[in-house]
Amino acid sequence: MPRPISATVHLDAIAHNVSTIKGLLTGRVCMPVVKANAYGHGLSRIYPALQQADALAILEIEGAIALRQMGWAKPIVLLEGCFDSEDIAAALDWRLDWVVHKADQLAQLTSQSLGGPLKYKPRIFLKVNTGMNRLGFTLDEAPQAVHMLDQLASKGAWPTPVLMTHFANADAANLMEVAPSPIDQHQKLMQLKPNHWASSLGNSAGVLNCTAWVGDIARPGIATYGASPGPRGAAEYGLRPAMHLQSQILAVQQVRTGQRVGYGSRWEARRNSRIAVVACGYADGYPRHAPDQTPTGVCGRIAPLAGRVSMDMLTIDITDIPEAQVGTPVELWGPNVAVDDVAHSCGTISYELLCAVAPRVPMQVKA
Ligand SMILES: *Cc1c(COP(=O)(O)O)cnc(C)c1O
């Protein structure tokens, strides 16, 4: 018998989240982000749930090609663009659109497009750095880049380009108190955008928290999978968790007051306690740095982590859940224990936990 740990990916939750996001976008383009193997959910696994999306965004060109092979006919955008001329050739072959975020990518496009009529007319997303200071043309460089791309696109009869930026603080509870503020970034982008171009600014936080400023094409990632970048919880936005990570109790220990549990004897019993040993450890992708009190779900209640997470096991306090016993299911995250809450307890974000589920955890799909 395999270890009892498994992850289940719920396609109905993803389809529901896409339609919830579309509802917020009121007619603007919904382009879910499926990079990093669909945030750890499995690109081909979740593919059937994406049918309501208008377009898809991804970083890895192999993933983009896989989407085409699975039958995706709507637009696909490469979020970091083409890395070399081979990528450009593949992008044109597979009808991919892409981001241009620096001068040499633009130059490459210019030289490559001189080779004659293209077999596919790409839609180029020109990325501007409006304060994130990660990727994109600076505000000084941007007008010239816009001009060059506009000429290139009109000469080649390509679709009108998209002016793009990325919010740095769209998850802020008070948008006026952050710098750069999404409102500010939006304003800077709009000042550069030719009227006939489209715009794309918002990630999940943009869609959920600054809906008015995401522009024409939204790029929701984490929200598609039912987690929230903030400031509010995913359930408050009507999102449903796509991944349920569950395991079982392997053994139960009676621990007397003053006794300790696990490596380094970090956790100490303040009362006579029942400690459940759960088949899930850091080799499954559960964060080793999870502190005591990190929530797990047992019998509809919260059982707090008690002691250090080890490679294959973790220990939780089930003193107040007398019906829990060997074989009882334990939810590491899912409908009762939000992955955002686990992440928050561990000082990280749900993205990291979802992307880190280890290959040894069997993942199944539920329609
Ligand atoms: C990953 C990514 C997103 C999605 O971000 P979320 O916070 O997961 O919604 C959007 N845009 C770009 C450019 C990205 O790289």
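I'll start with one residue. Thr 26 counts as exposed because its relative accessibility is 62%. The cut-offs: buried is under 20% relative accessible area, exposed is over 50%, and partly exposed is in between, with a 1.4 Å probe and protein chains only. Thr 26 sits in the loop between helix H1 (11-25) and strand S2 (29-30). Its phi is near 35°, which is positive in a residue other than glycine.

Some ground rules. This is a predicted model, so local features need pLDDT of at least 70 and side-chain atom pairs count only at pLDDT 80 or more, while totals for chains, interfaces and linings use all residues. Residues are numbered from 1 along each chain as its sequence is written, and side-chain values use heavy atoms, with hydrogens and water left out. Element names follow DSSP runs, numbered from the N terminus: helices are H or I with at least four residues, strands are E with at least two.

Back to backbone angles. Ala 157 also has a positive phi in a residue other than glycine, near 55°. Ala 157 is in the loop between helix H7 (142-155) and S7. At 51% relative accessibility, Ala 157 counts as exposed.

Next, cis peptide bonds. One joins Ala 179 and Pro 180, with omega about -5°. Pro 180 is in the loop between strand S7 (162-164) and helix H8 (182-192). Another joins Gly 230 and Pro 231, with omega about 0°. Pro 231 belongs to the loop between strand S9 (217-218) and strand S10 (243-255).

Now the sheet. Six strands make an open sheet with parallel pairing, in the order S3-S4-S5-S6-S7-S8. Pairing here requires that DSSP finds at least two bridges between two strands. Which strands are at the edges? S3 and strand S8 (198-200), each of which pairs on one side only. On average, neighbouring strands of this sheet are turned by 25° against each other, direction ignored. For angles, axes are lines fitted to C-alpha atoms, for helices over the stretch in contact, and values run from 0 to 180 degrees between N-to-C directions.

Look inside the sheet. Strand S5 (residues 97-100) and strand S6 (residues 124-127) pair in the parallel sense over three bridges. Val 99 stands opposite Phe 125 in S6. H4 lies across S3 and S4, and runs at about 170° to S4.

On to the aromatics. A pair of aromatic rings is described by the distance of the centres and the angle of the planes. Rings of Phe, Tyr and Trp (its six-membered ring) pair if their centres lie within 6.5 Å; planes under 30 degrees apart are stacked, over 60 edge-to-face, and the rest tilted. How many aromatic pairs does that rule give? Four.

Tyr 47 and Trp 72 are an edge-to-face pair, 6.3 Å centre to centre with 80° between the planes. Tyr 47 lies in the loop between helix H3 (43-46) and strand S3 (56-58), and Trp 72 in the loop between helix H4 (61-70) and strand S4 (76-78), so the pair ties together parts 25 residues apart in sequence. Tyr 47 and Trp 72 are both buried.

Tyr 286 and Trp 333 are stacked: 6.3 Å centre to centre, 15° between the planes. Tyr 286 is in the loop between strand S13 (273-278) and strand S14 (295-298), Trp 333 is in strand S17 (residues 329-333), and the pair links these distant parts of the chain, 47 residues apart. Tyr 286 is buried, at 2% relative accessible area. Trp 333 is buried too, at 0% relative accessibility. Ring pairs also link Tyr 39, Tyr 225 and Tyr 351 into a cluster.

Last stop, His 10. His 10 is in strand S1 (residues 6-10). Buried or exposed? Buried, because its relative accessibility is 13%. Leaving aside neighbours within four places in sequence, His 10 is in contact with Ala 242, His 244 and Lys 366.

That's the tour. Over to you.

Conventions: Contact = heavy atoms within 4.5 Å.
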